[in-house]
Amino acid sequence: MASLIAENFKFVSLFFKSKDVMIFNGLIALGTVASQEVYSVFAFSCPCSPERNYLYGLTAIGVPALAVFLIGVMLNRNTWKLVFECRTRGSRSLSSTAGFALLGSIVGRAMVAPFTWTIISLLRGEPYVCALSEFVDLTSLDSFPGGHGAGTLARFPCKDVPAEMKSFKEEIVRRLKYESQLLGWLLVGLAAVIVFLLMCLKRCCSPLGNHQEAYWSQYRSSENDLFQRTAEVHAKLLAATNVKQFFGFVALDKEEREQVKEFAVEDATPSLQWNKITGVYLYRENKGVPLYSRLHKWAKDMTNANLDTNGK
């Protein structure tokens, strides 16, 4: 039980990487701010009609936030690793704590853009004013003329309001923008507290020291970069082999011809090997030696198997 708890704590610390995640999230937030500005300038236009204002205002905040959230989930490689893990291995190698931690990392990273969108929308105030202008309590307004109701209030976010209503319009818009910006700043404070608590949780749960964790992050980044570049060359050389077999020759440039001479690619990598290096990976150690990824574990198993074979 103790070893299982320790393993789960190790996995919880996986998704709290520092520099790369912070930079990535910062870029997402900046991109979301720019998109929100463009949307507000060119797309947002309050209908100024009872019952429509509320739906349009909430839609202007919620629907883009939902869209960028789903995009963030789809673009996260851990999403498809989790799907592959559940499809091929089920839950045999993935505990509930580890699965929840991985799901939390996916959702947490995907929430950066929609959270930023919502905060900027509230700080700007236009969607909030559009949505709630018709619900302002008329008794809270001094000397508000009779004969005017929700229909008049719904037109306040627009310019074409009766002359006698302009002073009330300014007061209502100012009041609603105050409420909207107050909610926005409260969300900013809440986000800061959540990030602080998550960073504290990361420090408390991580079984690794700062140097080893930084090395782990660097290793995974280097492994992914080298794997992608090597896979690109391997795919090109395998394609060249097959094209040459079909046509009798293959059109290659100088660099590609040198790669063909240097590297011999005769066949595709078996699916079993791909499955072994694909999916969710829990941090493990083998006799005190860290295994930083599924590829690392596969390479270690292959080395041990070769040693056993040679020993026999």
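Reader: Which helix gives the most to the lining of the second largest pocket?

Author: Helix H10 does, with 6 residues. This is a predicted model, in which local features need pLDDT of at least 70 and side-chain atom pairs count only at pLDDT 80 or more, while totals for chains, interfaces and linings use all residues. Residues are numbered from 1 along each chain as its sequence is written, and side-chain values use heavy atoms, with hydrogens and water left out.

Reader: What makes a residue part of the lining of a pocket?

Author: A lining residue has an atom within 4 Å of a point of the pocket; on a 1 Å grid over the protein atoms alone, a pocket is an open set of points where a 1.4 Å probe fits, with protein on both sides within 12 Å along at least five of seven lines. Helices H10 (210-247), H12 (271-277) and H13 (294-311) each supply at least two lining residues; a helix here is a DSSP run of H or I with at least four residues, numbered from the N terminus.

Reader: Why is the pair Arg294 and Glu85 called a salt bridge?

Author: The term requires a side-chain nitrogen of Lys or Arg within 4 Å of a carboxyl oxygen of Asp or Glu. The closest N and O atoms of Arg294 and Glu85 are 3.4 Å apart, so the pair qualifies. Because Arg294 lies in helix H13 and Glu85 in helix H4, the pair ties together parts that are 209 residues apart in sequence.

Reader: Why is Glu85 called buried?

Author: Buried means under 20% relative accessible area, exposed over 50%, and partly exposed in between (1.4 Å probe, protein chains only). Glu85 has 0%, so it is buried. Arg294, at 14%, is therefore buried as well.

Reader: How do you know whether Asp301 is buried or partly exposed?

Author: The relative accessibility of Asp301 is 38%, so Asp301 counts as partly exposed. Its side chain meets that of Lys297 in a salt bridge at 3.3 Å, N to O. Lys297 has a relative accessible area of 29% and is therefore partly exposed. Both residues lie in helix H13, 4 residues apart, about one turn of the helix.

Reader: Why is Asn76 called buried?

Author: The value for Asn76 is 10%, so the residue counts as buried. Asn76 is found in the loop between helix H3 (52-75) and helix H4 (77-88). Not counting residues up to four places away in sequence, Asn76 touches Ser105, Ile106 and Arg109, where contact means heavy atoms within 4.5 Å.
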